[in-house]
Amino acid sequence: MKKKTVRDIDVANKRVLLRADLNVPFAPGTATISDDSRIQAILPTIRYLKKRGARIILCSHLGRPGGTVVKEMRLAPVAVRLEELIGEPIVYVRNFEGPIVRDLVSELEPGEVLLLENLRFDSREEQNDPEFAQSLASLAEVFVNDAFGVSHRAHASIHAITRYLPVVAGLQMERELKMLSSTLENPASPMGAIMGGAKVSDKIDVLKNLLHRVNLLFIGGGMAATFFKAKGYEMGRSPVETERMELALDILRDAEAQNIAVFLPSDLVVTHEFSADAPYEILPVDQVPEDGYVMDIGPATIESFRLGLHDCHTVLWNGPMGVFEFKPFTVGTQAIAETLADLNGAITVVGGGSTAEALEELGLTTSMNHVSMGGGAALEFLEGRDLPGVAAIPDKVSL
Ligand code: ADP
Ligand code: MG
């Protein structure tokens with residue numbers, strides 16, 4: 001059943017409280033936004049609402065101010081960037097309640113945007129406090145949740161608020177839910193899942209939820225070390241989660257029982273220290289020395305993953321193949337990204353904050369069908385869990 005969206009309601013002249021995820025990164029020690037994609041991502045919903053004459057009250061959190069006012073975490077730089085992108089002035093108010101806010105809201109004309117201050121300046125936001133939610137709700141007639149990336153949190157502006165205002169999904173939320181749920185529920189098969197990243201423990205629930213849905217499973221990244229160690233290989237000084245080794249074997253057994261083709265690396269890029277400029281060699285998986293670190297997947301692995309991926313009609317990818325933050329060890333992640341970019345007629349869906357970051361650095365974000373901006377929320381969704389913010393949005397009524 002699809003969630004009700006902003007398309008399903010009449011917003012003309014209405015005061016609409018729009019929850020966005022404007023939690024943008026800044027260049028260290030400055031007020032310069034280093035990546036504005038979260039601001040860009042809210043623009044379609046803002047434009048949609050403006051065009052239909054809604055009075056838009058935009059709100060978000062920024063960083064972790066911990067329930068008090070932190071000057072550096074004001075939304076002022078976001079307001080400035082938003083104005084540039086919208087091409088019109090917006091009203092930015094350094095508060096989210098009180099008479100000044102109420103006056104400014106009541107003066108809003110159709111199509112105008114008002115941005116409230118960082119909601120996490122008030123500790124009641126993260127406490128999912130009903131009074132705080134009610135105070136926000138009193139500003140508007142309808143609530144639009146377009147903050148998928150925060151919807152795994154039961155916070156006042158995500159969850160409690162839905163008790164006081166009718167709620168619908170924004171356009172970005174709609175797209176996230178559509179792409180992620182169609183990948184889980186009715187993917188074009190064969191479906192492949194590429195799993196990587198640092199730890200098995202972060203991904204175990206995703207793996208479990210995907211096992212009965214995928215036909216091919218590719219395992220890379222740091223977590224491959226735990227699988228190999230469990231299979232009896234030496235992994236040197238690479239981090240291994242000893243307490244997850246049994247689970248790793250369970251997953252391999254389950255996969256085999258379900259006829260899933262499992263692709264584990266056959267060769268690895270190995271260094272003798274964990275650093276960006278360490279000399280490296282390419283070694284078969286059974287030849288990692290005692291003092292070795294596994295930094296990336298090797299060329300033979302890339303080739304075998306590439307062949308497997310060419311059979312897929314749907315690919316879900318979560319987790320980099322190597323320590324992509326170090327330039328020499330981006331190769332595996334880049335090769336996988338390029339393979340997906342070149343896949344003809346396959347749907348490619350990517351989740352995970354670091355994976356999205358890697359794609360952005362490689363300039364390949366737009367070569368995927370969907371790159372979730374949801375970070376941790378996307379992972380919880382892929383684990384098959386109900387997200388409080390999403391669960392609170394009613395389904396479309398079908399007549
Ligand atoms: P996502 O945020 O996309 O879900 P993760 O946070 O699980 O991904 O994983 C990203 C991290 O995994 C990166 O910081 C990367 O350096 C790390 N990583 C990938 N491969 C390795 C490896 N072989 N050894 C150590 N860390 C790795
Ligand atoms: Mg991460």
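Student: Which of the 19 residues around ligand 1 come nearest?

Tutor: The structure is a predicted model. Among the 19 residues around ligand 1, the nearest are K203, N318, E325, S354 and T355. K203 also provides a polar side-chain atom that lies 2.6 Å from an oxygen atom of ligand 1. With A198 the backbone is involved: one of its N or O atoms is 3.0 Å from an oxygen atom of the ligand.

Let us turn to the helices. Two packed helices are described by the angle between their axes and the distance between the axes.

On the side of helix 11, the contact is formed by T333, Q334 and A337, while helix 12 contributes A358, L359 and L362. By class, four of these contact residues are nonpolar, two are polar and none is charged.

Helix 11 also packs with helix 10 (residues 299-309); their axes come within 10 Å and cross at roughly 20 degrees. This angle is why helix 10 counts as roughly parallel to helix 11. The crossing of helix 10 past helix 11 is right-handed. From helix 10, the residues I302, F305, R306 and L309 meet V331, G332, A335, I336, T339 and L340 of helix 11. This contact has seven nonpolar residues, two polar residues and one charged residue.

The axes of helix 1 (residues 37-51) and helix 2 (residues 76-86) come within 11 Å and cross at roughly 60 degrees. Helix 1 is therefore oblique to helix 2. Helix 1 passes helix 2 in a crossing that is right-handed. Here I39, Q40, L43, I46, R47 and K50 of helix 1 meet V78, R81, L82, L85 and I86 of helix 2. The residues of this contact comprise seven nonpolar, one polar and three charged.

Key
Residues numbered from 1 in each chain as written. Chains lettered and ligands numbered in written order. Predicted model: local features only at pLDDT ≥ 70, side-chain atom pairs only at ≥ 80, totals over all residues. Heavy atoms only, no water. Axes fitted to C-alpha atoms, helices over the stretch in contact; angles between N-to-C directions. Helix = DSSP H or I, 4+ residues; strand = E, 2+ residues; numbered from the N terminus. Parallel < 35°, antiparallel > 145°, perpendicular 65-115°, else oblique. Left-handed = near helix turned anticlockwise from the far one by under 90°. Contact = heavy atoms within 4.5 Å. Nonpolar A, V, L, I, M, F, W, Y, C, P; charged D, E, K, R; others polar. Near = heavy atom within 4 Å. Polar contact = N/O pair within 3.5 Å; in protein donor to acceptor, adjacent residues only side chain to side chain.
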